[in-house]
Amino acid sequence: PGDSPANMGGLLDRTNPQNPVRNWSMLFVPYCTGDVHSGSNTARYTFPDTGKPFTIEHRGWDNMQAILPWLRSHGPQPSRLLVSGSSAGTYGAATHFTALRSQYPKARAVYLGDSGQGVTTPDFERVRNKNWNYTLPTSVFGPRAQDTPDTEVVAKLAAHFPNDRFAQFTTIHDATQTAFYAQMGAAGQVCNAWTNKMLSELISRQAAPNFRSYVAQGDTHTILRAPLFYSEQSGGLPFTAWLRALLDDRQLPGNGSCPTCEGQRVGCAP
């Protein structure tokens, strides 16, 4: 019940006239598998303080394989498609974009990742691949899809689907993403290290003609489900206006960025 979209705001508030997708059909995929919607494995772990074993079913990939045929049977044939997610859902939206795109080939498609920039460590990716059996579609990422670095996933999707639109939102010092980066064993002053790597990778993705980003001030995590969805405008224009333009048939919006964000590579709290 705590995961019900009826209790969430932002993009899921169907009563707000500022919501650009308030009249769209929506499929909400909840999350309980600890694998950013991308695993297919039963993993056995041990509590470090007690030595007691426990098991987690990392079945995010498998759950979506059950959802896709249900959606095909029960959902409409859309003319427009927004594949999006927040935090872990950002990665799940990228993982399953290809399957949804194949299921609805005639729709105009947009991917929007909310607060999941893919800044991880190589050690984390190796452990994740083993424990989760992290899965990406080989049709886009090749026979060694699992070895694709997190920072390259959205760029590869944008290159594979040049007629679709891809976008990402983050705050400049996202505290949650920074905390995960620290837990992955990142070295140095992790807050600055995360911001530096995030900006470097984001700027490289901006070279793609069908990719856009919105970098906001602050350190909050996620925007799509929160009141911030309607109030955020530190990127130079209201976030809802930027999203509406992203979904529009006309020219893509520019990259939104707070006045100091693109050059802000130091200055966050430790």
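A residue counts as buried when its relative accessible area is under 20%, as exposed when over 50%, and as partly exposed in between (1.4 Å probe, protein chains only). Keep that in mind as we walk through this predicted model, where local features need pLDDT of at least 70, side-chain atom pairs count only at pLDDT 80 or more, and totals for chains, interfaces and linings use all residues. Residues are numbered from 1 along each chain as its sequence is written, and side-chain values use heavy atoms, with hydrogens and water left out.

**The whole chain**

You'll find nine helices and seven strands in the chain; helices (H or I, at least four residues) and strands (E, at least two) are DSSP runs, numbered from the N terminus. Buried residues make up 50% of the 270 residues. The C-alpha atoms fill a box of roughly 55 × 50 × 40 Å, taken along the principal axes.

**Aromatic pairs**

A pair of aromatic rings is described by the distance of the centres and the angle of the planes. Here, rings of Phe, Tyr and Trp (its six-membered ring) pair if their centres lie within 6.5 Å; planes under 30 degrees apart count as stacked, over 60 as edge-to-face and the rest as tilted.

| Pair | Centre to centre | Angle between planes | Type |
|---|---|---|---|
| Phe97 and Tyr111 | 6.5 Å | 85° | edge-to-face |
| Phe229 and Phe239 | 5.7 Å | 70° | edge-to-face |

Phe97 sits in helix H2 (residues 88-103) and Tyr111 in strand E4 (residues 108-114), so their pair ties together parts 14 residues apart in sequence. Both Phe97 and Tyr111 are buried.

What about the other pair? Phe229 belongs to helix H8 (residues 228-231) and Phe239 to helix H9 (residues 239-247), so this pair ties together parts 10 residues apart in sequence. Phe229 is buried, with a relative accessible area of 0%, and Phe239 is buried at 0% too. Ring pairs also link Phe169, Tyr214, Phe229, Tyr230, Phe239 and Trp242 into a cluster.

**One face of a helix**

Which residues of helix H5 (residues 153-160) are buried? They are Val153, Val154, Leu157 and Ala158. Seen down the axis of H5, these buried residues fall within an arc of 135°, so they line one face of the helix. That arc is the one made by the directions from the helix axis to the C-beta atoms. Among the elements covering the buried residues of H5 are H2, E4 and helix H7 (190-205), judged by contact, meaning heavy atoms within 4.5 Å.
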